[in-house]
Amino acid sequence: MIQDTKKQTIINKLTLLDTSNYRIRKHHLIGKYKQEPRRYRTHLAEVYDKLEYDDLVRLWELKKDD
């Protein structure tokens with residue numbers, strides 16, 4: 001149960017980071033911020049949910065900005 005909560009917390013952080021990165025990339029490409037596609041975070045969360053907890057932790061460590 002606690003591991004599930006931690007897993008969902010990491011998934012939430014990853015989807016927020018990916019959404020932010022999407023907007024930043026679009027800003028650099030077209031010169032303005034662009035809203036991500038509908039249900040973008042939901043689709044990402046579905047993919048991330050298939051990963052094991054340890055894989056998510058490793059992915060978060062790779063992606064986060066220190």
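This is a predicted model: local features need pLDDT of at least 70, side-chain atom pairs count only at pLDDT 80 or more; totals for chains, interfaces and linings use all residues.

Author: Residues are numbered from 1 along each chain as its sequence is written, and side-chain values use heavy atoms, with hydrogens and water left out.

Reader: How many helices and strands does the protein chain have?

Author: Helices (H or I, at least four residues) and strands (E, at least two) are DSSP runs, numbered from the N terminus. The protein chain has three helices and zero strands, in the order α-α-α along the sequence. Along the principal axes, its C-alpha atoms fill a box of roughly 45 × 30 × 15 Å.

Reader: What is the accessible surface of the protein chain, and what percentage of its residues is buried?

Author: Accessible areas come from the Shrake-Rupley method with a 1.4 Å probe; for residues, only the protein chains shown count as cover. The surface comes to about 5,300 Å², and carbon and sulfur atoms account for 52% of that area. A residue is buried under 20% relative accessible area, exposed over 50%, and partly exposed in between. Of the 66 residues in the protein chain, 20% are buried.

Reader: Which residues form the largest nonpolar core?

Author: A nonpolar core is a set of buried Ala, Val, Leu, Ile, Met, Phe, Trp, Tyr and Cys residues joined through side-chain atoms within 4.5 Å. The largest one has eight residues, namely Ile-10, Ile-11, Leu-14, Tyr-22, Tyr-40, Leu-44, Tyr-48 and Leu-56. Helices α1 and α2 (40-49) each supply at least two residues of this core, and the largest share, four residues, comes from α1.

Reader: Why does Asp-18 count as buried, and which residues does Asp-18 contact?

Author: Asp-18 lies in helix α1 (residues 2-30) and counts as buried because its relative accessibility is 9%. Contact means heavy atoms within 4.5 Å. Beyond its neighbours within four places in sequence, Asp-18 contacts Tyr-40, Leu-44, Tyr-48 and Lys-63. With residues up to four places away again not counted, Leu-44 touches Thr-15 as well as Asp-18.

Reader: Why does Thr-19 count as buried?

Author: Thr-19 is also placed in helix α1, and counts as buried because its relative accessibility is 7%. Its contacts, leaving aside neighbours within four places in sequence, are Glu-36, Tyr-40 and Arg-41.

Methods: Buried means under 20% relative accessible area, exposed over 50%, partly exposed in between (1.4 Å probe, protein chains only).
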